[in-house]
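Student: I'd like to learn how to read the helix packing, ligand shells and domain records of a model. Could you walk me through one?

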Amino acid sequence: MENLSDTAAGWGERRDSALLTDYYEITMLYGFWKYGRHEQQACFEYFFRSLPPHNGFALSAGLEQFLDFLRHFAFNPSDLAYLGQQGFEPEFLEYLAHFKPDFDLWAVPEGSVVFPNEPLIRVEGPLGFLQLLETILLNSLNYPTLVATKAARVCYAAEGDPVMEFGLRRAQGPDGGLSGARAAIIGGCVGTSNVLAGKLYGAKILGTHAHSWVMSFESETEAFRAYAKAFPNNITLLVDTYDPVNSGIPNAITVFRELRAQGLNPRGSIRLDSGDLAKLSKEAWRLFREAGFENPSIVASNELDEDLIADLKRQGAKINSWGVGTNLITSRDYPALGGVYKLVAIHEAGGWEPRIKISGNITKITDPGRKRIIRYYDHENHPLADLLYLEGEPVQQGRVKAYDRENLQKEITFRADHYTELSQKMAEGGKFTVAPVSLPELQARAQANLTCFPDEYRRLRYPQTYDVFLSPEAARVKHTLLEANGFYRTEAAGKEE
Ligand SMILES: Nc1ncnc2c1ncn2[C@@H]1O[C@H](COP(=O)(O)OP(=O)(O)OP(=O)(O)O)[C@@H](O)[C@H]1O
Ligand SMILES: O=P(O)(O)OC[C@H]1O[C@H](OP(=O)(O)OP(=O)(O)O)[C@H](O)[C@@H]1O
Ligand SMILES: O=C(O)c1cccnc1
């Protein structure tokens, strides 16, 4: 197996990633090619239908990984040989060998606050190629968006205290550990314990030490002293291997005092990883202050999540730094974002024709047409609502008329001060028109976007629902297609005579 490369996103450069797809994408591509339909222009959009429970928003992430995949997309000779063994004919393999991706792409930048049913990516190009993109696009976006969203909640609960991402050891495989760490940083974590994520993405690497370090020495003090000698300027001592109050904390204080006696100026930093974190942190705070350490750093870890952190805050815990692993990187309470990729328009002789997917479940009926997302704000720059406009439709200003996605009869009007467009054009004719953005910039962007939203959308329980509406033209087209597909027709009751 090849190693991950050391470029910004890494795994996109694997030479066999064109096969990282579901088999049916390739059989459909074959079918389109066989019937000469593969070059027909189509438009697909990526969106998710619902937020994780209790979430008022999501934070987009993973786009760079998808773009990296696209930048390197190619079928290599061994991929083609493998597909040949599966029975695909040589002419098809020849077509794949010279596959030149040609597409236009619009996307909401990473680190944006987004909501259900918004087209986070819109891609236009040959039907065959766009179909092939479905699986890898969903795979690239769904998980990072979930983890970035979770991280934003965890950091919100921590009220500005630094949160370190500690999840690699319990992540879903090496790639979960990597893309999860990247997403956690976008969501607000100050750094990660994942060293490769530091190298690949420029994430800050951070850490303390394990219980095994202490257990490997004859005494706890000896262990602390040895660690302090190796890293005199920056240590956090893990104090719960034996007995935090009677042993770990006093021994850590002894070692920090020794550093002081050597002329150093340690803040005094410990990690608590078990027991009653509120009670122990208060006790540690008191003992450090009595020993003349005015502002000790008290790190907590142990199966933390946003609810537990909020609860510890409520209890007045004297914790000022958090290490969060498993629950964040696995998004344990909601392990998959159900993002989907749907055909919304197809280019026929007369131009673009919108397409709709009908469902008995009204929330699953798609919004037809090639769309843009417009976010409206009030005069204090607080977002009011997002509207999905059709491409080419004029954007309303001032008094805005909008329609409920599921009940098109319902018209909503509101007054807006200004608006922004969320999606940006990122590729034209298969060529990328934007450069990758650094991880610190993505984190800063996410923070700025999040703080635009008032607390009621961000609180951890029963957040206010943010509205996503259809524009007048998007609603009209949806209504027309629903009508054409018999959606409003009701079956006559009773039997025919
Ligand atoms: N004050 C507190 N309020 C609420 N939850 C807490 C508090 N202190 C700790 N917890 C959480 O309770 C859970 C259980 O922690 P606890 O230390 O009892 O078990 P443990 O991990 O098995 O400990 P040990 O390693 O000593 O066996 C953890 O998720 C921990 O973060
Ligand atoms: O609880 P999480 O949120 O997943 O955070 C990471 C956990 O991983 C480590 O424990 P582990 O028992 O693996 O190793 P240790 O000996 O260093 O404690 C660490 O001490 C945390 O408890
Ligand atoms: O550095 C740490 O303290 C750390 C790293 C990974 C998992 N748990 C803790």
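Tutor: Let's take helix pairs, then ligands, then database domains.

Tutor: First, the ground rules. This is a predicted model, where local features need pLDDT of at least 70 and side-chain atom pairs count only at pLDDT 80 or more, while totals for chains, interfaces and linings use all residues. Residues are numbered from 1 along each chain as its sequence is written, with chains lettered from A and ligands numbered from 1 in the order in which they are written.

Student: How do helix 1 and helix 5 pack?

Tutor: Helices (H or I, at least four residues) and strands (E, at least two) are DSSP runs, numbered from the N terminus. Axes are lines fitted to C-alpha atoms, for helices over the stretch in contact, and angles run from 0 to 180 degrees between N-to-C directions. Here helix 1 (residues 23-34) and helix 5 (residues 127-157) meet at about 175°, with axes 9 Å apart. Helix 1 is therefore roughly antiparallel to helix 5; the cut-offs are under 35 degrees for roughly parallel, over 145 for roughly antiparallel, 65 to 115 for roughly perpendicular, and oblique for the rest.

Student: Which residues make that contact?

Tutor: Contact needs C-beta atoms, placed from the backbone, within 7 Å. Helix 1 brings Glu 25, Met 28, Leu 29, Phe 32 and Trp 33, and helix 5 brings residues including Leu 127, Gln 131 and Leu 132. By class, that contact has 6 nonpolar, 3 polar and 2 charged residues, counting Ala, Val, Leu, Ile, Met, Phe, Trp, Tyr, Cys and Pro as nonpolar, Asp, Glu, Lys and Arg as charged, and the others, Gly among them, as polar.

Student: And what is the angle between helix 9 and helix 10?

Tutor: About 40°, with the axes of helix 9 (residues 220-230) and helix 10 (residues 244-261) 9 Å apart. So helix 9 is oblique to helix 10. The contact includes Phe 224 and Arg 225 of helix 9, and Asn 251 and Val 255 of helix 10. Its residues divide into 5 nonpolar, 5 polar and 2 charged.

Student: On to ligands: which helix gives the most to the shell around ligand 1?

Tutor: A residue is near a molecule if its C-beta atom, placed from the backbone, lies within 6 Å of it. Helix 12 gives the most to the ligand 1 shell, with 3 residues. Helix 11 (277-290) and helix 12 (306-314) each supply at least two. Among the surrounding residues are Ser 274, Asp 276, Glu 303 and Gln 315, and the shell divides into 5 nonpolar, 4 polar and 3 charged.

Student: How many residues surround ligand 2?

Tutor: There are 16, the closest being Phe 166, Ala 210, His 211, Gly 325 and Thr 326. Helix 8 (211-215), strand 11 (321-324) and helix 13 (326-329) each supply at least two.

Student: Which residues does UniProt list for the C-terminal domain?

Tutor: An unreviewed UniProt entry gives "Nicotinate phosphoribosyltransferase C-terminal" residues 370-477; positions follow the numbering used here, feature names are shortened, and annotations may be inferred rather than shown by experiment. In the model, residues 370-477 are 22% helix and 36% strand, with end C-alpha atoms 11 Å apart.

How values were computed:
Two residues are in contact if their C-beta atoms, placed from the backbone, lie within 7 Å.
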